Amino acid sequence: MPYTKISQAAHYVPKQVVTNDDLTTILETTDQWISSRTGIKERRISQNEETSDLAIKVAEKLLKKSNYSAQELDFIILATISSDSTMPSTAAKVQGAIGASKAFAFDLSAACSGFVYALAMGDKLISSGLYQKGLIIGAEILSKQLDWTDRTTAVLFGDGAGGVLIEASDQPHFLAESLSTDGTKAQCLTSGISGLSSPFSESTDSDPYIKMDGRAIFDFAIRDVSKNISDLIKESGLDKETIDYLFLHQANKRILDKMAKKIGLSREKFLENMMTYGNTSAASIPILLSESVQKGQIRLDGSQTVLLSGFGGGLTWGSLIVKI
């Protein structure tokens, strides 16, 4: 049976930087209020680029780094909750733009867990033996889904994209996996609600903006996601101290602080960049991973063990332990 490995990582973010001080000009808030509660100092906001534009940049970078042609790709999975349109998929637009004519492409919607879900699906495709290479991308333009008068959400999110190239390997790299969903708590975090509007139905309300029960999401992350990570490490048979780094969804610095204590691992192993980009949903983990490769923390030579964990709307959460 073929195995799957991550061979390249890349990211791309819009040029426009919006600081907490910038937000004070349009919202009743302060830098201290935002940074003390979230760890976020600034975020990137798109001025004229769509989600597909960011994802295309990532795809092009991954191909350049790998020296592969787009024609060699078998699939593209794009995790997003801020697609350009309901149809066509954003992944299809990426496929067309880079000329990956032999690849099938589709979007995956699992909110802030999207990249982990998509990476798990990509692993299954390659492990089937039918496919050899694929791109897994998380891309978001969340700024178009924000109510910029609501300081409880407008200060949290940013735009960006990141991704990895995965390919077949003769050695196991994906060591453990756990994916979960709890739809009974779906209303804790919502966005892009489309109401009924046909002449043959009773009209219902639409709400395009992100709405979040912050306390419920915070408690969910500390309780359920921490348990998911601890259980997965235990089930994998690995000594948790052998995990070099944890790449968790970049939602809130205080969440990472509490999760590190609950899991019982050094806080230094929990890498972070939410201070620079805010919460970029499905893009947060791959952006952090790509930056860590740039800094030399991650070598992509198969010598390190990392844990990736996403959590968000659905509610969804999931973790992977990967040799990278």
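Helix axes here are lines fitted to C-alpha atoms over the stretch in contact, and their angles run between N-to-C directions. Keep that in mind for the first stop, and remember that you are looking at a predicted model.

**Stop one: two helices.** Select H7 and H8. Their axes come within 9 Å and cross at roughly 40°. Angles from 65 to 115 degrees would count as roughly perpendicular and those under 35 as roughly parallel, so H7 and H8 are oblique to each other. The crossing of H7 and H8 is right-handed. Now show side chains: on H7, the contact includes Phe 218, Ala 221, Ile 222 and Arg 223, while on H8 the contacting residues include Arg 254, Ile 255, Lys 258 and Met 259.

**Stop two: the largest pocket.** Stay with H7, which gives four residues to the lining of the largest pocket, the most of any element. This pocket has a volume of about 470 Å³. Select Thr 38, Leu 156, Met 212, Gly 214 and Asn 252, which lie nearest its centre among 24 lining residues. Helices H2, H6 and H8 and strand S12 are also among the elements giving two or more residues to the lining. By class, the lining has twelve nonpolar, eight polar and four charged residues.

**Stop three: the second largest pocket.** Here you will find about 370 Å³ of space. Select Ile 81, Ser 82, Ser 83, Thr 86 and Gln 145, the closest to the centre of this pocket out of 16 lining residues. Its lining divides into three nonpolar, ten polar and three charged residues.

Notes. Residues are numbered from 1 along each chain as its sequence is written. This is a predicted model: local features need pLDDT of at least 70, side-chain atom pairs count only at pLDDT 80 or more; totals for chains, interfaces and linings use all residues. Side-chain values use heavy atoms; hydrogens and water are left out. On a 1 Å grid over the protein atoms alone, a cavity is a set of points where a 1.4 Å probe fits but cannot get out, and a pocket is an open set with protein on both sides within 12 Å along at least five of seven lines; lining residues have an atom within 4 Å of a point. Grid points are joined across faces, edges and corners, and a volume is the space filled by probe spheres set on the points. Ala, Val, Leu, Ile, Met, Phe, Trp, Tyr, Cys and Pro count as nonpolar, Asp, Glu, Lys and Arg as charged, and the others, Gly among them, as polar. Axes are lines fitted to C-alpha atoms, for helices over the stretch in contact, and angles run from 0 to 180 degrees between N-to-C directions. Angles under 35 degrees count as roughly parallel, over 145 as roughly antiparallel, 65 to 115 as roughly perpendicular and the rest as oblique. A crossing is left-handed if the near helix is turned anticlockwise from the far one by less than a right angle, and right-handed if clockwise. Contact means heavy atoms within 4.5 Å.
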